[in-house]
Amino acid sequence: MPREVSGVTSVSFVPHTHWDREWHLPFQTFRLRLVDLLDRLLDLLDADPRFVFTLDGQLAAVDDYLEVRPEAEARLRAHVATGRLAIGPWQVLMDEFLVSGETIVRNLESGWRRGEELGGVMRVGYLPDMFGHIAQMPQILQRAGIEHAAVWRGVPAAVDTSLFRWLAPDGSAVLAEYLVHGYWGAAYVLAIPERFPAKLELLDEDLRPFLRDRPILAMYGTDHSEPLPEAMDVVEELNASQARYRVHVETLAAYFDRLGEVGDSVPAWHGELRSSARANMLMGVNSARIDVKEAAARAERLLERYAEPLQALSGDPWPTAFLRLAWDRVVANSAHDSICGCSADAVNDQVLLRYAEAEQIAQGLTDRAAARIGERVARGSVAVLNPSPEPRQGLVECEFPIPDEWDEVLLELPDGRRVGTQEVSRSRVLLSTIETTGSRVPEFFRRIHGRELFGRWLNSFALDRVDGARRLTFEVDEEPDPAWLDVDEVEREIELAARSAADEVWEIRVVARPRRRLLAAVPAPALGWASVRPLPGSGPVEAAVSVDANGMRNGLLDVGVAADGTLRLSGDGVTLEGVGRLVDGGDFGDSYNYAPPASDLLVSVPEDTLVEVRAAGPVRGLISVVRTYLWPVGVRPDGAGREAETRLVQVTTELELRAGEPFVRVRVSFDNLSRDHRLRFHVPLARAATGSAAEGQFAVVERGLAAESGHGEVALPTFPARGFVDAGGVALLLDHVLEYEVVDGEELALTVLRSTGFISRNINPFREEPAGPEIEIPGAQSIGAWSVGFAVFPHGGSWSEADVLKQMERYQHPFVTAAGTGGEPIDLISSRLELSGTGVTLSSLRRRDEWLELRVVAQRDSPVTALVIGDFSTAREADLLGRAAAPLPVNSGRLELNLAPWEIRTVQLRK
């Protein structure tokens, strides 16, 4: 599509709106405006057949409207069907870096499905206001059948045209339109209709260096905007009154349809887009309201790696409705203003509630699937479930009925293997004792509800005499044994006995079966389970933990604690000194951008340090390091420095070393009493680093030590990581997205808290342009209890040579246990599906109709053959949206997948 034909410049005029579902106002408040807007928009579409509209690339706006105006669906469908109203392909416009890759896929799948239901989807990867773009987005779009994208923030200075070829790490490419002035580039050209020609000339002049010989793309719309009702008349008048410009009013989909082939004439960019060269990146959202990022990862992981796989492999009916509810909430929260933490406090409350609901559903489905497996395991034993696609060892904490006379306890697997244990606690045996007369004994049954007594199962009773006195003993337990007990018959028998001795003194006791809570490192098969039962005696503990006053060690890692509370870590030929130095500084920024006060005071030296051994092995060692600091209460109102007033804060760093693990788990906890500050956990590197490697969204991205600036924003090299960040011989394994920086190539600084009080400051020292309204958000100060966990893994070689992905898998995915409730065991050791291949990770395992759908990713720089082993005889390829493709050869339940570097692959399996 040439820019000029016979001297006339072509203008693609795209009416649209950008709809923040929730932001500085809550969802329902904005929905009132949305309904008004779409009412008028449908009226305009009905009244003027010349008019077209692009509805922001997200179906949520449509669904939110139709929930209130269901009678408008037919009108809306009609305009979608004719192509005059462009919808989708996303459900919401998400932040790409703060959610999992799987959430992005489900977002696209949900939007695509809903768009097709309503008449058709816009096949454009519309990404207008994301705070940067992930490396794998071109592959995600390509594997869904989308060949074009539209982006704004993050495009680097090296891309000097409005059209470029954007490539993912695997080589997948989409043709990307760079929205040079953002999604609102032509938002105000009709504000004064008679000035339209002059405004168009100015737009042309601004864009010409980027457009070269291509037509002008004029995005007519902005946040929550409505088109001018007489827009088409103004456009037609301009076309009739001059010959310099020819304005075509069209949807964004139609623009790309007219684009045609561009060949190799456009520049190419490989990987993520995170530059501040021409637009604010707003990188501070990575550390705003970290509790939201934590809630997101909990819900996502429970859905992706526990609820769906366990339900899929259990053989039970697929819980479609429950999973849809959970994913709907997770996807809704992935909207950038929701997950980023840059919204009003009321919005944040709703975001956390949605995540809590998703987590509750996912946990409930996980527990149900585990309980079904427990039915195959004998009572008194425990089923241990491994969520990983390869066999491995994992720590479990189980409670067993154990006789008091057993001094030591081991756990035995069905194949005879035995593992040692570590006792955590013993339950109290005598729960209650009272004295009464026989005539009042029946009153005790008021305490019994069904079989519940003191929160346990009533299993038996005994009547006897002790030293001539009457005694009634109820035995209770955590499990029903026997499975059935007629409590009415028990009550009648006791009443008869009590009447015969109505005037005598009775002792009524409630006794719990002796139980012990034990830790053990148990091996379990891939995506399967093993049962364990307790036996008296001692068993081996592989790479056991020993703890003393100087630290902990397990043969793979030594952990020492210095007098100042920092750590010395030695493992894999690498030694790190001074790990865990905490540095607290002021923050005069806002939810979008960190900015220190003009004269900052950094607090890093504790007033006092206390070290306590809390568990001494051999399965788990725990050391608590409590450091006391004096932190300023806030930043002065003028931003000149921090307040002189300080508060005494005790920061507890809990260190956990497990048997067989080459990393130390860390949890930093404290009561936050200060406002406007940033706390970072520093980890010195084993060797100088020129960059970092960060895992997230189907890739491990290599980044340098600096960030590109240019738009009036101080481009800090603070980056997000989701699974791990690695630099200079150390990896930090993460529970959820955290912000990090490689400081001077010498240490990693991990942000564990950033307290801020505004959505956006009109005057932010590190950003010239406001990012939103200056509204106070006291909730983002995070006053009160605070806790962040991660792990430190020192290693030799690169992240790939050290197999950091394997340790990430181990850290993020604990085993699940279920009490045995069966009689004779049926399955004692069972693997349902196994996936092998170095660097091959599991993203999703679920049911789709009668097929088992598996999504894997080759997170490595070289090709690899992944082997899938399971109970299936048929396999086929599928695209990212689950649409079936070519059949695949299966050999006796074995499927080989030849994966290209960084390839995302979806396959479907069936018996």
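Visitor: Which side chains meet R214 and E177 in a salt bridge, or rather, how should I read the pairing of these two?

Guide: In general, side chains of opposite charge can pair when their charged atoms come close. In this predicted model, the side chains of R214 and E177 form such a salt bridge, with 2.9 Å from N to O.

Visitor: Are R214 and E177 buried or exposed?

Guide: R214 is buried, and E177 is buried as well.

Visitor: What do I look at in the pair R31 and E67?

Guide: Look at the distance, and then at where each partner lies. The side chains of R31 and E67 meet in a salt bridge at 2.7 Å, N to O. This pair links distant parts of the chain, since R31 is in helix α1 (residues 27-47) and E67 is in helix α2 (residues 60-68), 36 residues apart.

Visitor: Why does R31 count as buried, and why does E67 count as exposed?

Guide: The reasoning needs two cut-offs, because buried means under 20% relative accessible area and exposed means over 50%. R31 has 10% relative accessibility, so R31 counts as buried, whereas E67 has 57% and therefore counts as exposed.

Visitor: Where do E250 and R258 stand on that scale?

Guide: These two side chains also meet in a salt bridge, at 2.9 Å from N to O. E250, at 6% relative accessibility, counts as buried, but R258, at 32%, counts as partly exposed. Elsewhere, salt bridges with shared partners join several residues into one network, among them E397, D477, R513, R620 and R658.

Visitor: How many salt bridges does the structure hold?

Guide: The structure holds 75 salt bridges.

Visitor: Now for the nonpolar side chains: which residues have the most contacts inside the largest nonpolar core?

Guide: A nonpolar core is a set of buried residues joined through their side-chain atoms. The largest one here has 151 residues, and those with the most contacts inside this core are F13, M137 and L252. Its largest share, 10 residues, comes from helix α12 (residues 345-374).

Visitor: What is M137 in contact with, leaving aside its neighbours within four places in sequence?

Guide: With those neighbours left aside, M137 is in contact with W90, M94, E96, I104, L127 and W166. There is also a second, separate core of 68 residues, which includes V649, L655, A694 and M808.

Note on methods:
Residues are numbered from 1 along each chain as its sequence is written. This is a predicted model: local features need pLDDT of at least 70, side-chain atom pairs count only at pLDDT 80 or more; totals for chains, interfaces and linings use all residues. Side-chain values use heavy atoms; hydrogens and water are left out. A nonpolar core is a set of buried Ala, Val, Leu, Ile, Met, Phe, Trp, Tyr and Cys residues joined through side-chain atoms within 4.5 Å. Buried means under 20% relative accessible area, exposed over 50%, partly exposed in between (1.4 Å probe, protein chains only). Helices (H or I, at least four residues) and strands (E, at least two) are DSSP runs, numbered from the N terminus. Contact means heavy atoms within 4.5 Å. A salt bridge is a side-chain nitrogen of Lys or Arg within 4 Å of a carboxyl oxygen of Asp or Glu.
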